[in-house]
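Here is a short briefing on one protein model.

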Amino acid sequence: MDVTVVGSGPNGLAAAVICARAGLAVQVLEAQPTFGGGARTVADPEYDGVHHDICSAIHPLALASPFFAEFDLPARGVELVVPDISYANPLPGGRAAIAYHDLERTCAELDHGDSWRTLLGPLTARPEGVLGFFLGDKRSLPPDLPTTVRTGLRVLAQGSPAWGMLRGEDARALFTGVGTHAISPMPSPVNSGAGVMLATVAHTAGWPVPVGGSQVIVDALLADLKAHGGRLMVGEPVTSPPPGVVIYDTAPTALLDIYGSAVPDRYAKALRRYRYGPGVCKVDFVLSGEIPWRDERMASSPTVHLGGTRAQMAQSEKEIAAGRHAQRPMTLAALPHLGDPSRIDAAGRRPLWTYAHVPAYSSADLTDTITSMFEEAAPGFRDLVVAARCVPAADMAAHNANYVGGDIIVGGATLFGALIGPTLRWNPWTTPIPKAYLCSSATPPGTGVHGMCGYYAARTVLKREFGLTLPSLRP
């Protein structure tokens, strides 16, 4: 076996696909009983016709990421439905801020739409340059320098006290909510970077809903890997180093357990200093009908950011960063059936996916808290709840060992992590351990279902270990 990939999240599978297409013998080892890491879909334990996404439910980068753009999921039979509304943010008083796929429609309905247009208009005209900035390897010259400068200036402004340059409470809440996909105190460059990238994608490629759930993306990667001779094994936890070259789609600290005393002392010390961030409490609801939003426009929004105003969201994220539970925790929600009616079972039941930000290792069950937040924005919501399945932050690692303490970002929600990686190395996908590489979202460009961490790790492995170049990823 030439290459072993440990972990089968989107990054691990991206690395495996690239290596297999380059002609190498590749195997993937997954500790869980199913492949996919954070992009799995499983049946509800009581209602078989309802399926929940384990981590990711909506996929802003499934069309926009350079890896997936070349891999071409639609050409492989994956249906990605781009909704008219990318995301929405309920506000106190009943009104919501709406980010439509259409930038101009978004601006027309905001109190200060000209401010939103000033922020995002120049970026939506050059989305490839924006993605080149955020999803690049951070070691090469960006392909579009003017757009890189525009993007960087906006990230700096919105990540500083100058974020008030965006006018209108609705627009400020809309941008802040999308930025909280990076769990970080605000304003910060990490939060604003996530906001700028995801908002740009919202108005260009859109935020697609995969028909059949996130698992269909994983299945397309698995099919390609099998077609190129890849060997796949589930229920295979790795406790000692596999032979040959190994690419780890794992938390960086997992290397301490796998290699033990073979880890060089300086690197071992750096890994022990590695810090994970706050966690999430995941609650999967089963609903009997459509949510009765106060603002009826939200009825067609598959993604919802429940956090209130910018000030409320900033305060809740400050509390979480300090290790305290927030009274109104930032909650992200997804209703995939709005783009994919096949997610509704024969009795009319449908899934509601939610995450609430909590301190690391929290054992709190926030089902009632999240239910109350929905009830504020949609009176009568409580009556629709058929079932609720909670996974506290302390239990998230049982579903995915990378989520230490419930940190779904694997410690990467810092400026250092986004630019440098888990430790100070010029090539963050390498380690000082011979033939051992990292490709998880702890490496640049960080969190998200984009495959680019795996892409850069595979590029490094092909060049350093085998003297090969990147193969085509086209179907």
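A search of the whole structure finds 0 disulfides, a disulfide being a pair of cysteine sulfur atoms within 2.5 Å. This is a predicted model: local features need pLDDT of at least 70, side-chain atom pairs count only at pLDDT 80 or more, and totals for chains, interfaces and linings use all residues. Residues are numbered from 1 along each chain as its sequence is written, and side-chain values use heavy atoms, with hydrogens and water left out.

- Cys-19 is in no disulfide; its nearest cysteine sulfur belongs to Cys-439, 9.3 Å away.
- Cys-19 has a relative accessible area of 0% and is buried (buried is under 20% relative accessible area, exposed over 50%, partly exposed in between, with a 1.4 Å probe and protein chains only).
- Cys-439 is in no disulfide either; the nearest cysteine sulfur to it is that of Cys-453, at 7.6 Å.
- Cys-439 also counts as buried, at 0% relative accessibility.

**Salt bridges**
- The whole structure holds 21 salt bridges (a side-chain nitrogen of Lys or Arg within 4 Å of a carboxyl oxygen of Asp or Glu).
- Asp-53 pairs with Arg-343, their closest N and O atoms lying 3.2 Å apart.
- Asp-53 is in strand β4 and Arg-343 in the loop between β13 and β14, so this pair ties together parts 290 residues apart in sequence.
- Asp-53 is buried at 2%, and Arg-343 is buried at 5%.
- Arg-328 and Glu-376 form a salt bridge of 2.6 Å, N to O.
- Arg-328 sits in the loop between α12 and β13 and Glu-376 in helix α13, so the pair links parts 48 residues apart in sequence.
- Arg-328 is partly exposed at 25%, and Glu-376 is partly exposed at 47%.
- Lys-435 and Glu-465 meet at 3.3 Å, N to O, in a salt bridge.
- Salt bridges with shared partners join Arg-105, Glu-109, Asp-295 and Arg-297 into one network.

**Helix α1**
- Helices (H or I, at least four residues) and strands (E, at least two) are DSSP runs, numbered from the N terminus.
- In α1, 12 of 12 residues are buried, including Cys-19.
- The buried residues of α1 pack against β1, β2, α2, α9, β10 and α16 (contact means heavy atoms within 4.5 Å).
- Just after α1, Gly-23 takes a positive phi of about 95°.
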